[in-house]
Amino acid sequence: MKARIAQLWRSMPVQLAMLLVLLFSSVSLISLAASYAVTQSSFEAAIRADLAQDMVGFHAAPNARAVALLVEAESRETDPNRLILSYLSPGGRLYGNGAIARDDEGYHILSLDSGRAQYSGQYHTLTATLYGGLLTIARSRAEIEALAQVFLNILWISLLPTVLIALSGGLYLARRSKRHVEVIGSTLDNLTTGELSARVEVGAGWSDDLIRIGDKVNQMALAQQASTLALRQVSSDIAHDLKTPIQRVSLHLEDLSGQIQGGDQAALVTRAQEELTGIASVFEALLQLAQVDTGSARARFAPVDLSALCQTLAEVYEPLATEKGQLIMVNVPADRVDVMGDRTLMGQMMANLIENALRHTPPDARVTLSLARQENTVELVVADDGPGIPSDERTKVLQRLYRLDRSRHTLGNGLGLSLVDAVVRLHGAHLVLEDNDPGLRVVILLRLQDLKRA
Amino acid sequence: MKLLVVEDDATTGTYIARGLREEGHSVDLMAEGQAGLIAATSGAYDVLIVDRMLPQIDGLTLLRTLRGAGNLTPVLFLTAMGNVEDRIAGLNAGADDYLVKPFAFGELSARVAALARRPQALEQDTVLRVADLEMHLISRKVTRADQAIELLPREFSLLEFLLRRKGRVQTRTMLLEGVWDLSFDPMTNVVETHISRLRAKVDRPFGCELIQTVRGAGYRIDE
């Protein structure tokens with residue numbers, strides 16, 4: 001879930017939407033901030049003008065007594081939260097609805113009521129000496145502060161819907177294009193695993209660029225299919241052209257061996273026949289590898305019971321192992337363990353692994369065939385306790401015709417593990433060569449066949 | 001038996017034909033698909049041996065045409081490509097068996113014999129016999145010269161397979177396919193080890209070999 005969200009987040013439409021939201025928000029913020037600043041400063045100017053106007057009005061009074069009376073009269077009708085009038089008469093008496101006090105933190109405006117409470121909020125003040133007294137007029141900045149809230153509301157109201165619409169639009173597009181990208185992705189997966197008839201089916205509502213990519217994928221698949229077909233034809237021709245002479249030589253040798261009775265000549269013919277069998281087997285294995293790699297066997301996949309196949313192969317190789325003093329042990333579930341696959345190729349794959357194990361281990365070695373079912377995979381293991389394969393050579397042994405130095409003199413053509421690898425890839429499985437400490441442990445991880453779906 | 005070989009490679013064709021004639025069969029050899037098809041439809045053959053790659057009409061087309069015309073003569077298909085794909089293509093076209101090149105003549109001869117006379121022992125037979133060896137299929141008991149022989153289940157199947165094809169050579173790959181349902185060519189002598197175990201129980205104590213090795217071909221049980 002988390003990964004899916006992260007994946008959605010990284011998709012192009014969502015990122016585009018995010019970018020647009022960011023751009024739009026920034027522009028809105030800047031223009032709102034600018035108009036806020038302009039409005040605020042004009043409000044401030046208006047307050048200052050009002051203050052100056054007020055002051056002029058009081059200057060019209062003829063004497064200090066008149067000022068005091070005027071202040072008293074006016075302040076009675078005035079809300080101190082809006083306007084404060086304060087006159088300190090030359091006699092030291094305070095008239096009005098507030099007093100200016102000063103401490104370390106700055107100026108404060110205090111109420112003249114019994115509690116001497118302090119008025120909160122900011123005020124613009126203008127002070128002047130008038131007839132020996134000190135007249136202070138303070139107008140509240142509350143309106144300007146309220147302005148900030150108003151602008152903040154405007155910001156929310158204009159931005160929130162934009163952001164929501166842009167984001168949900170982006171997510172919708174992302175999910176849609178994700179589905180389309182997934183169609184392309186699964187086609188590519190099929191092509192990679194050799195199903196060359198796979199094509200991207202462009203649906204209605206696809207965006208132009210995805211349609212173009214889909215078309216390109218289809219063109220590529222078509223080219224690949226054509227070249228694979230050509231390759232198959234070529235390998236079929238080569239097989240025929242090379243196998244016919246091999247067939248002739250083989251028949252000549254058979255003829256010859258029938259005419260010679262014993263002796264060195266017969267031994268020589270036998271050796272030539274063995275060499276020819278070797279050549280034919282390498283040839284056959286290479287052809288088979290090429291064939292498996294085309295992935296066409298996938299069309300024939302059917303449920304294969306690995307449990308029974310392990311038992312059968314162990315049984316087939318048991319006398320051979322016993323003859324060499326080796327032991328084959330089987331550790332598989334008693335019931336069916338089905339995977340989708342080609343039984344012949346799987347059988348050959350397991351036979352190759354078992355033959356390898358028996359061939360490259362000393363007489364008292366143990367070879368274990370085991371099958372372990374996990375949630376929806378199955379682990380097929382062929383392990384031995386022989387000399388194993390050095391860790392730096394484990395990937396090389398899967399290469400065609402590669403052989404370990406110490407195995408050069410044993411039988412085998414260096415294609416056995418390559419075929420195992422090819423069959424594993426054909427089945428979309430996973431092959432790991434591990435240290436069995438001591439020995440080699442070949443682990444093949446296959447997807448379990450879902451019987452409910454089948 | 002009357003056999004038809006359709007093979008474009010003269011050396012291989014001649015050799016096969018000669019070998020089969022030496023075994024007492026009457027053999028016609030054709031080098032082209034068209035001629036092969038005409039011969040196959042007109043002559044009454046017991047078994048046809050057809051190469052896949054042929055000039056004019058290839059082996060697959062020949063087979064399909066033949067089967068399409070209702071001709072059910074057993075066909076052994078020869079192919080240079082040994083992969084499953086090709087085998088299936090051949091079998092789908094109507095071949096009864098296939099042989100991958102290069103093959104030994106013994107293998108070819110064994111498969112031709114198997115095609116011509118199948119099935120020999122009837123499915124409902126309950127006792128299979130060769131000389132003094134008896135296999136009771138219902139009680140799953142094996143006796144030789146009235147002495148009971150203890151066989152493991154798979155040894156029993158192997159012996160049954162040979163007995164049902166008494167007198168006919170069974171190659172290693174035929175045994176692997178028939179007894180274990182595995183179709184690949186093992187690089188080791190697995191089949192030999194099973195045969196030698198069976199011999200140790202069935203033949204060795206009695207001094208007379210019923211399970212015979214046919215050089216270059218396979219095994220046969222016979223008197």
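Predicted model: local features only at pLDDT ≥ 70, side-chain atom pairs only at ≥ 80, totals over all residues.
**Entry 1: where the chains meet**

Helices here are DSSP runs of H or I with at least four residues, strands are runs of E with at least two, and both are numbered from the N terminus.

Residues are numbered from 1 along each chain as its sequence is written, and chains are lettered from A and ligands numbered from 1 in the order in which they are written.

I then took α7(A) and α8(B), whose axes come within 8 Å and cross at roughly 80 degrees; axes are lines fitted to C-alpha atoms, for helices over the stretch in contact, and angles run from 0 to 180 degrees between N-to-C directions. The two helices are therefore roughly perpendicular to each other, a label given to angles of 65 to 115 degrees, with under 35 roughly parallel, over 145 roughly antiparallel and the rest oblique. The contact is made by A:Val316, A:Tyr317, A:Pro319, A:Leu320 and A:Glu323 of α7(A) and by B:Val190, B:Thr193, B:His194 and B:Arg197 of α8(B), which I sorted into five nonpolar, two polar and two charged residues.

**Entry 2: inside chain B**

For chain B I recorded eight helices and twelve strands, with 45% of its 223 residues counted as buried, where buried means 20 or more other C-beta atoms within 10 Å of a residue's own, exposed 12 or fewer, and partly exposed in between, again with C-beta atoms placed from the backbone.

Helix α8 (residues 190–202) of chain B also packs against helix α6 (residues 153–164) of chain B, at an angle of about 90 degrees and with the axes 10 Å apart, which makes α6(B) roughly perpendicular to α8(B). I found B:Glu155, B:Leu158 and B:Leu159 of α6(B) meeting B:His194, B:Arg197, B:Leu198 and B:Val202 of α8(B).

In helix α7 (residues 172–180) of chain B, the residues B:Thr173, B:Met174, B:Leu175, B:Leu176 and B:Val179 are buried, and the buried residues of α7(B) pack against α5 (105–116), α6, β10 (170–171), α8 and β12 (218–221) of chain B. Just after α7(B), I noted that B:Asp181 takes a positive phi of about 60 degrees.

Strand β5 (residues 97–100) of chain B is covered on both faces, with B:Asp97 and B:Leu99 buried on one side and B:Tyr98 and B:Val100 buried on the other. I see it paired in the parallel sense with strand β4 (residues 75–79) of chain B over four bridges, where strands pair if DSSP finds at least two bridges between them, and B:Val100 is the bridge partner of B:Thr79.

**Entry 3: cores**

The largest nonpolar core has 120 residues, and those with the most contacts inside it are A:Tyr317, A:Ile354, A:Val423 and B:Ile49; such a core is a set of buried Ala, Val, Leu, Ile, Met, Phe, Trp, Tyr and Cys residues joined through C-beta atoms within 7 Å. Apart from it I found another core, of 15 residues, among them A:Ala68, A:Val71, A:Ile109 and A:Ile137.

**Entry 4: a sheet and a glycine in chain A**

I traced an open antiparallel sheet of four strands in chain A, in the order β2-β1-β6-β5, with β2 (94–96) and β5 (123–130) as its edge strands, each pairing on one side only. Eight bridges join β5(A) to strand β6 (residues 133–140) of chain A.

Last, I looked up A:Gly386, found in the loop between β11 (377–384) and α9 (416–426) of chain A, and it counts as buried because it has 21 C-beta neighbours inside 10 Å.

Definitions and conventions. Contact = placed C-beta atoms within 7 Å. Nonpolar A, V, L, I, M, F, W, Y, C, P; charged D, E, K, R; others polar.
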